[in-house]
Amino acid sequence: MKYRLMDLLACPICKKFPLELKVFRESEIQPPQKINRCELYCAYHNIELSSNVSTECLKCYSIEIRDGIIICSNCGRWYPIEEEIPRMLPDELRNKNEDTQFLAKWRTRIPEKILLEGKPYSMKN
Ligand SMILES: [Zn+2]
Ligand SMILES: [Zn+2]
């Protein structure tokens, strides 16, 4: 996924926006011909935008995030990004085994709060 997507994603459970992004692996790709700017939240620059702030958003379109995690600071949920795909699933569609494997794989890169208390799954349950 591109950084740009964070300008559009809200938590599917509590609707919080914007969400936190932590990137584990990324790669540069050819940017598209038409580049817009992020409108509400620019994840690459980590700023919420208002009418008097504007950003250079080339990187938001030309970096492919391969693995990472999206965190909702409001309800404590986290969502994996694997093989470029963010998996923004409601709790009942999540797979506990896959989720705990993901946490174990990236545990040195994931905030401790998520490892210990993340929802719907953490390293503790
Ligand atoms: Zn941007
Ligand atoms: Zn949430």
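Predicted model: local features only at pLDDT ≥ 70, side-chain atom pairs only at ≥ 80, totals over all residues.

Why is strand S5 (residues 78-82) largely enclosed by the rest of the structure?

1. Strand S5 has five residues, and four of the five are buried, so the strand is largely enclosed by the rest of the structure. A residue counts as buried here if 20 or more other C-beta atoms lie within 10 Å of its own.

2. S5 belongs to an open sheet of four strands, ordered S1-S4-S5-S6, with antiparallel pairing. The edges are strand S1 (20-28) and strand S6 (85-86), each of which pairs on one side only.

3. S1 runs antiparallel to strand S4 (residues 63-71), and eight bridges join the two. At Glu 20, the residue standing opposite is Ile 71 in S4.

4. On to S5: four bridges link S4 and S5, again in the antiparallel sense. Ile 69 has Pro 80 of S5 as its bridge partner. These two strands form a hairpin with six residues between them, and Gly 76 in the turn has a positive phi of about 80°.

5. S5 and S6 also run antiparallel, joined by two bridges. Ile 85 in S6 stands opposite Glu 82. Two residues lie between the strands of this hairpin, where Glu 83 takes a positive phi near 50°.

How values were computed
Residues numbered from 1 in each chain as written. Chains lettered and ligands numbered in written order. Pairing = 2+ DSSP bridges. Buried ≥ 20, exposed ≤ 12 C-beta atoms within 10 Å, placed from the backbone.
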